[in-house]
Amino acid sequence: MRFSTVLRHLREGFKNVSRNGWMTFASMSSIAVSLFILGVFMLLALNVSKLADQLDNQVQINVYLQVDVEQPKAEEIERTIKRIPEVKSVTFVPKAEGLKRFRESMGEEGKAALEGYENENNPLPDAFEVEAFNPQQISFIAKQIEAINLTDPAKSIAKVKYGKDTIEKLFSITNAVRNIGIFIVLGLAVMAMFLISTTIKMTIIARRREISIMKLVGAKNSFIRWPFFIEGAIIGFFGSLFSTLILLFGYSQLVKTTSATVGLYMIEFASIDEVRMLVGGTIIALGTLLGVWGSTISVRKYLKV
Amino acid sequence: MIEMQDIWKTYADGTTALQGVNVVIDRNEFVYIVGPSGAGKSTFMKLIYREEVPTKGQISVNGFNIGKLKHRKIPYVRRNIGVIFQDYKLLPKLSAFENVAFAMEVIETPRRLIRRRTMEVLELVGLKHKASSLPAQLSGGEQQRVAIARAIVNSPAVIVADEPTGNLDPETSWGIMNLLEEINFRGTTIVMATHNKEIVNTLRKRVIAIERGTIVRDQQRGDYGYEI
């Protein structure tokens, strides 16, 4: 294609965009809205999975012994756990310490409720806190610790607990967010495409005479099609650009105002720099693609070139 | 140049427009197509510039078997055929110059060539001084001249003119005919459908008469042959 032809197609594309003012506006808005919602879901999913990562790193295994396990037995178990190569450290938490922590976690009310459970009356078992070198080995280590019971007739280990539940819950939330998001976004994307193809159809109808003359004097089909593709791409690009700007601005405000609070819980948001390329890039690429797709549908249907 | 072998054309609605047409038109000929309305003249013309394809039979234009042409190749065949209509079919928002240049633009001619060639053909049709006028500012005859300029600007081998003088008064019509004859004289084959008895009988050329979808007469230096 000649350079002057490329310029011509671009010129024609922009001309078409301004020619169908309101329809262009409608298609751009629908692209912007649907991609904005897609962006919200993307940000949600991104942050939830980041959160999952962060929690992953804080995960440790709690090994609770039977209440009646004596000191020497506990030490033996501790040694066995330490022998597992993936284990980084083992901390013994005697029942008294466990009760103290429990009480602290209950706050003021708990103090009264837990009155009289000290010393011999302490219902809590001794426990170990086990940390792994690599959080992904947590469940593997947990299984090995559980296996200690197999060679122990007394079955001294009562329970092996780790953050499995929390992490799995988080992942199920992420998945739900993703699935709902996909449905909503698909619906909106179809609507956006429909609007774009209607806009392009109107352009084609408005230019029917011109197109028939182009065909008569021997314009190639691709030559006739290009301006319409460009029109679709322009609608898609600017619609998605608009939604990206709002999305990123909103997100940066959100991060700014809430990160102090959220920081207390030892978690942090995905940073705006991280999000800008990933979410912004995806949305703009998707929007432009949707625009071109919408116009392709119309061109194929109404142009019959 | 144009060759039709046993051409049949039946439209989707069941009307049969042409039934077994055989014709050969040589390079540089000037042919009138005459006949009553609805006899198949327009279909005959449309087959030449491949607006329609025959239901049966073979048609070749300028060496291309255009009935069997791939869609991709159609534009290249059309570049060799200039088409002129009764209603001019100019783009109302473009000036005379732009309307003519448009035909060169869409086949991706370099810009400087477009300017030179467009002015050249506008001069040939006698409208150089009205290059920047819009169609609405031109008379019917002038608009048809612009349409002719557009048809010849890419130097086609064939001009297909469907009643080019149909909307024009006699005097203007003669101007258009002189122009077409000039173009024919320069080496372009011209096929012209017409109802204009006076032109056919005065400017004697080959006459092909079509009635009810068949050629009923094919005569060199023929006359119109119908009473109006």
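These notes cover a helix pair, a sheet and a chain contact in a predicted model.

1. Ground rules. This is a predicted model: local features need pLDDT of at least 70, side-chain atom pairs count only at pLDDT 80 or more, and totals for chains, interfaces and linings use all residues. Residues are numbered from 1 along each chain as its sequence is written, and chains are lettered from A and ligands numbered from 1 in the order in which they are written.

2. The helix pair. Helix 5 (residues 140–152) and helix 6 (residues 170–185) of chain B pack at about 15°, axes 9 Å apart. Helices are DSSP runs of H or I, at least four residues; strands are runs of E, at least two; both are numbered from the N terminus. Axes are lines fitted to C-alpha atoms, for helices over the stretch in contact, and angles run from 0 to 180 degrees between N-to-C directions. The two helices of chain B are therefore roughly parallel (angles under 35 degrees).

3. The sheet. Chain B has an open sheet of six strands, order 6-7-8-3-9-10, with mixed pairing. Strands pair if DSSP finds at least two bridges between them. Strand 6 (81–85) and strand 10 (214–219) of chain B are the edges. Strand 9 (residues 206–211) of chain B runs antiparallel to strand 10 of chain B, joined by five bridges. Val207(B) stands opposite Gln219(B) there.

4. The chain contact. In chain B, 14 residues are in contact with 14 residues of chain A (C-beta atoms, placed from the backbone, within 7 Å). Helix 2 of chain B gives the largest share of the chain B side, three residues.

Note on methods: Angles under 35 degrees count as roughly parallel, over 145 as roughly antiparallel, 65 to 115 as roughly perpendicular and the rest as oblique. Two residues are in contact if their C-beta atoms, placed from the backbone, lie within 7 Å.
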